[in-house]
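Reader: I would like to learn how to read the features of a model like this one. Please give the general idea each time, then the case at hand.

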Amino acid sequence: MGLSINVKDGVNVSQTMVKVEIKATENGPSLVMVDGKTVTALCRCGSSNNKPYCDGTHSKIGFKAKATEVKVIE
C-alpha cells in the first residue's frame, strides 16, 4: 500500500494508505502491526483472561503453535 490520489468534485485529495500486517508469533499471540509498529497483541491460545487481547497466559500453559503471517485483505 502507498500513496493514493482521489479526485472529488474536481479537486485532488491526497490520502495516505497505511500498511496493516498480522503476524502470528511462535508459541504466542497474533501481533497487529500498522506501518511497522505493533498496536496490539491478540490471544491465540484461548486462555487469556482479557480476550481478545493477549495477557501472557500462553507462556504459563505451554501453548505451542508455529509462526505465520495472516493475510490482510486490501
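Author: Start with accessibility: buried means under 20% relative accessible area, exposed means over 50%, and partly exposed is in between, with a 1.4 Å probe and protein chains only. By that scale Cys-54 is partly exposed, because its relative accessibility is 23%. Of the 74 residues of the protein, 18% count as buried.

Reader: What are the ground rules for the numbers?

Author: This is a predicted model, in which local features need pLDDT of at least 70 and side-chain atom pairs count only at pLDDT 80 or more, while totals for chains, interfaces and linings use all residues. Residues are numbered from 1 along each chain as its sequence is written, and side-chain values use heavy atoms, with hydrogens and water left out.

Reader: What is the mean pLDDT of the protein?

Author: pLDDT is the predictor's confidence in each residue, from 0 to 100. Its mean for the protein is 86, and 80% of the residues reach 70 or more. Over residues 1–5 the pLDDT is below 50, and this stretch has 14 contacts in the model beyond near neighbours in sequence; a contact means heavy atoms within 4.5 Å. Where pLDDT is low, the predicted coordinates should not be read in detail.

Reader: Which elements does the protein have, and in what order do they run?

Author: Helices (H or I, at least four residues) and strands (E, at least two) are DSSP runs, numbered from the N terminus. The protein has one helix and six strands. Their order from the N terminus is β-β-β-β-β-α-β.

Reader: How many bridges join β3 to strand β4?

Author: Two strands pair if DSSP finds at least two bridges between them. Strands β3 and β4 (residues 30–34) run antiparallel and are joined by five bridges. Within this pair, Ile-22 has Val-32 of β4 as its bridge partner. Strand β4 also pairs with β5 (residues 37–42), again in the antiparallel sense, over five bridges. There, Val-34 has Lys-37 of β5 as its bridge partner.

Reader: Which residues take a positive phi in the two hairpins?

Author: In the hairpin of β3 and β4, with five residues between the strands, the residue is Asn-27. Its phi is near 60°, a positive value in a residue other than glycine. Asn-27 is partly exposed, because its relative accessibility is 24%. In the hairpin of β4 and β5, with two residues between the strands, the residue is Asp-35. Asp-35 has a positive phi of about 50° although it is not a glycine. It too falls in the partly exposed class, because its relative accessible area is 46%.

Reader: Where is the cis peptide bond?

Author: The peptide bond from Lys-51 to Pro-52 is cis, with omega near 10°. Pro-52 is in the loop between β5 and α1 (57–61).

Reader: Which side chains meet in a salt bridge?

Author: Side chains of opposite charge can pair when their charged atoms come close. The cut-off for a salt bridge is a side-chain nitrogen of Lys or Arg within 4 Å of a carboxyl oxygen of Asp or Glu. The structure holds one salt bridge. In this bridge the side chains of Lys-23 and Glu-21 meet, at 4.0 Å from N to O. Lys-23 is partly exposed, because its relative accessibility is 32%. Glu-21 counts as buried, because its relative accessibility is 14%.

Reader: What is Glu-21 in contact with, leaving aside its neighbours within four places in sequence?

Author: Glu-21 is in strand β3 (residues 20–24). With those neighbours left aside, its contacts are Leu-31, Val-32, Met-33, Glu-69 and Val-72. For Val-34, in strand β4, the corresponding contacts are Val-18, Lys-19, Val-20 and Val-39. Val-34 and Val-18 are 16 residues apart in sequence and 6.6 Å apart in space, C-alpha to C-alpha.

Reader: How many disulfides does the count come to?

Author: A disulfide is a pair of cysteine sulfur atoms within 2.5 Å. By this rule the count is zero. The sulfur of Cys-45 is too far for a bond because the closest cysteine sulfur, in Cys-43, is 3.8 Å away. Cys-54 is in no disulfide either, and the nearest cysteine sulfur, that of Cys-43, is 6.3 Å away.
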